[in-house]
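Work through the following exercises with the sequence and the model open beside you.

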Amino acid sequence: MPLSAFDLYSVGIGPSSSHTVGPMRAARTFVEALAAEGALARTVRVRAELFGSLGATGRGHGSDNAVILGLEGEDPATVDTDRAATRVESVRAEGTLLLGGAHPVRFVPQTDLLLHRRRSLPTHPNGMRFTAYAADGGVVLEREYYSVGGGFVVDGDTRGSDPLVQDDTPLPFHFTSGDELLAICRREGLSVSDVMLRNELAWRTEDEVRAGLLHLWEVMADCVREGCERDGALPGGLEVPRRAPALLADLRGREQGKDPLDVVDWVSLYALAVNEQNAAGGRIVTAPTNGAAGIIPAVLHYYWRFVPDASEEGIVRFLLAAAAIGIVIKENASISGAEVGCQGEVGSACAMAAAGLAEVLGGSPEQVENAAEVGVEHNLGLTCDPIGGLVQIPCIERNAVASIKAITAARLALRGSGVHKVSLDSAVRTMRDTGRDMHKKYKETSRGGLAVNVIEC
């Protein structure tokens, strides 16, 4: 299926694109299916079951709450993050929810919202099953869905990784690999962002593309600002303190120019601010996932603040080039931590950010591809082992470190010719193969790594 930049970047809520955004979308889609089949009025009870990684770490990721909100018709891009918790508490207390926001049905989370910690559905680790029942106990409708990373949801009735929403829009420059992308750039004399922009015009006008990407930048900037303003401990029980406000105060109090590495702390601040907001269930942009949502905003802020002559045009070009790399990774490996570990989340975001920065710093298509390859290569084997199933440790710091790594990757690539031994496609294939070989306990199940070697207190 043709992929747009706006498939990879979407406004949602924390703490996880695959475990929060995806389940909310799936639940809402199930209710829409009930309505489309004229079965909503006959439904008196619904049941939701989460399997695999969703079942193992769903509570820490807020998957259960996301399902409730989705069944009530909420959308990740527009749900009121300040009122969501109160609404979920009401449903749990009353044992009733409003399907689609209007039709009341029985819903007792203890029996109607099941998280199967050691059972999985075929096709993907993030499986869900929704069942609607009539008054006589008969099944009105049953559907299965998979949350495959980045908020993408796959219908269990479709083939393999075919998306829930089919799109066969013809693109002027269709590509699925790094080699194909470079071939187009060379043949047409275009930059990576030029190729992406031409493809985006198949869906939207140029003004709409620019406005949409700048809106995403605005949401990212708002997330950084809010993350720098909110103090206290993050929810979930680990009592992890927010560090962004204190780091900001420290940076503002330093003598400017005395430490040449202050820029590293600023980039870390931007990443921490976003991922602390994500961990608290705030509004973020999947880029390409929630767990790695701080990397592209942090590197964009680096560009905006520390690169001379930075501009909104550069922001647009950055996001377009980064999206091109995200498409290559999604087409040939995965952006799902439950499928390939954190190399698919933080590794993908690092590669995308490196490519975006190389693009706006004047890199050739070969240098942009090289920057992305470095970003992937040096995150290979990265496991997903969140303590307590929460997107906090090691996720928040990991975004800060990967943001610096992305800047380093771009700078290394720009100081080379673009010719290098390991291609982006080779690195992406290695990510895929490594993910297949990785034990499932290291793929967002909280059964290995830091999740079992650090006491949750």
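## Getting oriented

UniProt, in an unreviewed entry, places the feature "domain: Serine dehydratase-like alpha subunit" at residues 188-451; UniProt positions are given in the numbering used here, feature names are shortened, and annotations may be inferred rather than shown by experiment. The model is predicted, so local features need pLDDT of at least 70 and side-chain atom pairs count only at pLDDT 80 or more, while totals for chains, interfaces and linings use all residues. Residues are numbered from 1 along each chain as its sequence is written, and side-chain values use heavy atoms, with hydrogens and water left out.

## Exercise 1: the annotated span

Task: find how far apart the end C-alpha atoms of residues 188-451 lie, and what share of the span is helix and strand.

Solution. Begin with the ends of the span, whose C-alpha atoms lie 49 Å apart. Then turn to the secondary structure, where helices (H or I, at least four residues) and strands (E, at least two) are DSSP runs, numbered from the N terminus. On this basis the span is 62% helix and 2% strand.

## Exercise 2: salt bridges

Task: count the salt bridges, and describe the pairs made by Arg-186, Arg-187 and Arg-243.

Solution. With a salt bridge taken as a side-chain nitrogen of Lys or Arg within 4 Å of a carboxyl oxygen of Asp or Glu, the count comes to 24.

Next, take Arg-186, whose side chain meets that of Glu-366 in a salt bridge with an N to O distance of 2.8 Å. This pair links distant parts of the chain, since Arg-186 is in helix 7 (residues 178-188) and Glu-366 is in helix 16 (residues 365-377), 180 residues apart. Arg-186 counts as exposed because its relative accessibility is 54%, given that buried means under 20% relative accessible area, exposed over 50%, and partly exposed in between (1.4 Å probe, protein chains only).

Then look at Arg-187, which forms a salt bridge with Glu-188 at 3.0 Å, N to O. Arg-187 is exposed at 56% relative accessibility, whereas Glu-188 is partly exposed at 36%.

For Arg-243, the partner is Glu-397, again with a distance of 3.0 Å, N to O. Here too the pair links distant parts of the chain: Glu-397 belongs to helix 17 (residues 395-414), and Arg-243 to the loop between helix 9 (206-229) and helix 10 (244-253), 154 residues apart. Glu-397 is partly exposed at 47%, and Arg-243 is partly exposed at 38%.

Finally, note a network of salt bridges that links Asp-194, Glu-206, Arg-210, Glu-313 and Arg-317.

## Exercise 3: the second largest pocket

Solution. Grid points are joined across faces, edges and corners, and a volume is the space filled by probe spheres set on the points.

The second largest pocket has a volume of about 690 Å³.

To finish, follow Gly-282 into the loop between helix 11 and strand 9 (283-286), where Gly-282 is buried at 10% relative accessibility.

## Exercise 4: the largest cavity

Task: state how much space lies in the largest cavity, and which helix gives the most to its lining.

Solution. The largest cavity holds about 130 Å³ of space. Its lining has 16 residues, with Gly-291, Glu-345, Cys-384, Val-391 and Cys-395 nearest the centre. Helix 17 gives the most to this lining, with three residues.

Notes. 1 Å grid on protein atoms, 1.4 Å probe; cavity = no way out; pocket = protein on both sides within 12 Å on 5 of 7 lines; lining within 4 Å.
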